[in-house]
Amino acid sequence: MSAQSYTKLAIFFHWLTALMIFVAFPLGLYMHDLPFSPNKLQLYSYHKWLGITVLLIAILRLTWRATHPAPPMLAMPRWQQLLAHSIHHLLYLLIFAIPISGWLMSSAKGFQTVYFGILPLPDLLAKNKELGDLLAEVHELLNYTLLALVGAHIAGALKHHFVERDDTLKRMSFCYKGKKTDA
Amino acid sequence: MKLWSLSLLALLSSSISVATSAAELTQLNQDKSQISFVSKQMGVPVEGRFKKFDAKIAVDPAKPEAGRAQFEVDLGSIDTGNSEADSEVKGKSWFNTSLFPKANFVSKQVRSLGNGRYEALGQLTIKGVARDIAAPFSVKTENGVTLFEGSFTLNRLPFKIGEGVWSDTTTVADEVQVKFKIFLTASAAKK
């Protein structure tokens, strides 16, 4: 594997996080408006379990990245590198902030998060309706920010792939062998 | 407690005539007393309570075995901590409060478990279903106020609490922990 590519584990973490976000986000929107039912209780729990998993993977990702740095960015205008870099940082921030805001909201609303129905996570806040409602707003706002950033992230990747025709997107593939000319 | 049982109206006269104990407590402190419960939803313990209930009690804290009690819980006063759930549980599948507004408990017997612990046996009626239950409790007196505190496990399904789609116990467990804190004073002292 050349220094131009991500490690297989980093690639796995990336797509796993993407998959979980693509499930958890619409699930969050959908479950919110459901009438109170067993189905709603189940979906809320699944959503929380997904969110906590995103958080755990985020911790693993940063730990892994600390010892396995990402490859340098491909050649592109400086402003594009800065923009891509900022978006990556914000995405990292959000995969921590969003699950944590959800966890805090659950605590404040008096409905503890029990991971997979087995492992109770400590309530970081005491029950408080006003705070719970506020955290719900924060959770929602952060998620719409995530939506915008993921949109930009994907648009950037597609632009590099189809317009510049460079290896930006291919580098995130498990099959990527590294750029021959660079080696 | 040897709380429990008594006809609704004949409370005072019968408690005096049957027990004839000067130390009997009959006055329920409505503000401090609590009836709460913990249900498990998707493995998550969720606490709720009933804001309104009444009790006809006659008990001598020195001799709880001779006490009697009757509780009446206003099921519509339920506070699950979630407004959506509050309206749901008043509906037909749960308590059906329009048809069955109250739950009641009538004591039959109180026995000592030793070490200051007692157990009240009696009949609990919810949603037209009557079942015998046993509720262990302790007795503690401070500053002239006696606290009877205990809990018991209520299986919701035999009482038809949560029917139809809600009878799935992987979503809402069958076992509900019911906790009570009953503060009593002598009727003469307070009021």
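Trainee: Which residue is the bridge partner of B:Ala58 in strand 5 of chain B?

Mentor: The partner is B:Arg68. Keep in mind that this is a predicted model.

Trainee: How many bridges join strand 4 of chain B to strand 5 of chain B, and do they run parallel or antiparallel?

Mentor: Two strands count as paired when DSSP finds at least two bridges between them. Here 7 bridges join strand 4 (residues 53-60) to strand 5 (residues 63-74) of chain B, and the two run antiparallel. They form a hairpin, with 2 residues between them.

Trainee: What should I expect of side chains along a strand?

Mentor: In a regular strand they alternate between the two faces of the sheet.

Trainee: Which residue of strand 7 of chain B is the bridge partner of B:Glu72?

Mentor: B:Asn104 is that partner. Strand 5 of chain B is joined to strand 7 (residues 102-114) of chain B by 5 bridges, again antiparallel.

Trainee: How many helices and strands are there in chain B?

Mentor: Chain B has 2 helices and 11 strands. From the N terminus, the order is α-β-β-β-β-β-β-α-β-β-β-β-β.

Trainee: What share of the contacts in chain B with a separation of 6 or more comes from residues 24 or more positions apart?

Mentor: That share is 62%. As for burial, 32% of the 191 residues of chain B count as buried.

Key: Residues numbered from 1 in each chain as written. Chains lettered and ligands numbered in written order. Predicted model: local features only at pLDDT ≥ 70, side-chain atom pairs only at ≥ 80, totals over all residues. Helix = DSSP H or I, 4+ residues; strand = E, 2+ residues; numbered from the N terminus. Buried ≥ 20, exposed ≤ 12 C-beta atoms within 10 Å, placed from the backbone. Contact = placed C-beta atoms within 7 Å.
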